[in-house]
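Here's a quick briefing on how two chains meet. Have a look at the model first, then read on.

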There are 2 protein chains.
Amino acid sequence: MAKGLLIVLSGPSGVGKGTVGNALRKRLPELTYSVSATTRQPRQGEENGVNYFFKTRGQFLDMIEKDELLEYAEYVGNYYGTPRDFVEQTIEQGNDIFLEIEVQGALKVREKFPEGIFIFLLPPSLDELKDRIRGRGTETQATIDHRMSVAVDEMNLMQHYDYAVVNDEIDLACKRIESIIIAEHCKIR
Amino acid sequence: MAKGLLIVLSGPSGVGKGTVGNALRKRLPELTYSVSATTRQPRQGEENGVNYFFKTRGQFLDMIEKDELLEYAEYVGNYYGTPRDFVEQTIEQGNDIFLEIEVQGALKVREKFPEGIFIFLLPPSLDELKDRIRGRGTETQATIDHRMSVAVDEMNLMQHYDYAVVNDEIDLACKRIESIIIAEHCKIR
């Protein structure tokens with residue numbers, strides 16, 4: 001049986017990875033979506049194994065120790081990571097698995113799964129990205145400048161990816177990602 | 001300006017290249033379709049420069065001499081070939097061009113355009129291909145056997161292509177080809 005594909009969607013913060021990822025879940029329900037592990041508290045309605053695998057700090061550090069995470073990061077005092085088991089099992093069963101993660105994490109995954117399909121989500125322009133980062137809320141100018149500089153650094157990592165998809169319209173971005181998955185299944189390796 | 005892509009659809013005789021190519025013309029009118037040169041007589045309703053570029057034998061031999069054809073072949077006493085100019089101009093203008101040709105011809109084109117996208121159209125099975133070759137008409141068993149053996153030889157050339165698309169249903173085959181074109185435009189080169 002042919003193995004499934006690992007499909008990684010990433011891109012600079014503010015580009016709309018989450019929104020595109022959610023739209024893709026509706027459009028391609030046959031894809032398996034990776035579930036992250038986290039040490040943060042479950043929010044109302046969140047289910048263990050569905051939204052996240054909820055772990056104590058001790059459990060999470062143990063997973064790091066045992067190399068059970070493809071990548072992980074600390075964000076606002078909590079750990080987030082991608083459990084290796086679930087990804088490997090899905091692929092071995094011949095199903096595709098979809099990961100939506102940060103740029104640095106994606107490059108970590110690439111080290112472990114060089115045969116994965118790495119898709120970089122692009123803003124239509126840098127101005128557009130600035131508007132989206134600014135539009136998030138009531139951040140100070142310093143915070144916006146910092147986020148923008150991080151985003152520009154992240155943009156420079158695009159060269160390590162296989163595909164670039166412009167997020168001009170969610171439907172179009174989804175169609176491009178779907179096309180990439182179909183095409184990769186037709187590829188002669 | 002980004003160059004256009006050269007997209008070549010090929011596959012064993014009897015697989016349905018022509019049918020899929022025609023369905024694709026309706027589905028993707030924005031693609032430019034390569035027009036072959038031929039020495040055969042125009043049929044009722046065929047227009048020069050639309051269906052074919054009609055050439056005398058002398059003109060055609062002159063094109064071969066001047067390396068103005070990407071590939072050519074003789075078939076039932078007539079020459080057929082792909083004029084290089086039209087392909088190159090279309091690509092330079094930033095438009096994609098689509099070629100639907102025989103397996104051997106496609107490999108000749110690959111020598112001149114290694115950066116082209118080469119798609120191999122596959123029958124759902126060898127039995128299915130045999131049915132299609134047999135179903136064409138009133139050929140003798142010897143002719144069917146010969147065509148089948150040529151088709152099997154052609155199948156072995158699939159490894160030189162980039163993508164394999166199964167022609168199980170015309171709509172599905174067209175969707176896969178469209179997906180390959182969209183994905184190739186997203187590729188980071």
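Buried area here is the accessible area (1.4 Å probe) that two parts lose on being put together, summed over both. By that count, chain A and chain B bury about 1,400 Å² between them, with carbon and sulfur atoms giving 70% of it. Keep in mind that this is a predicted model: local features need pLDDT of at least 70, side-chain atom pairs count only at pLDDT 80 or more, and totals for chains, interfaces and linings use all residues. Residues are numbered from 1 along each chain as its sequence is written, and side-chain values use heavy atoms, with hydrogens and water left out.

**Who takes part**
- A:Tyr163, A:Cys186 and A:Ile188 supply 38% of what chain A buries against chain B, more than any other three residues.
- Contact (heavy atoms within 4.5 Å) involves 16 residues from chain A and 16 residues from chain B.

- Two salt bridges (a side-chain nitrogen of Lys or Arg within 4 Å of a carboxyl oxygen of Asp or Glu) run between chain A and chain B.
- One of them pairs A:Glu178 with B:Lys175, whose closest N and O atoms sit 3.3 Å apart.

**Symmetry**
- Rotating by 180° with 0.0 Å of shift along the axis puts chain A on chain B at RMSD 0.0 Å, using least squares on C-alpha atoms of residues with pLDDT of at least 70 in both.
- That is the relation of a two-fold axis.
- Within chain A, the C-alpha of A:Ser179 comes closest to the rotation axis, at 2.1 Å.
- The copies meet through the same surface, because 100% of the interface residues of chain A are also interface residues in chain B.

Conventions
Chains lettered and ligands numbered in written order.
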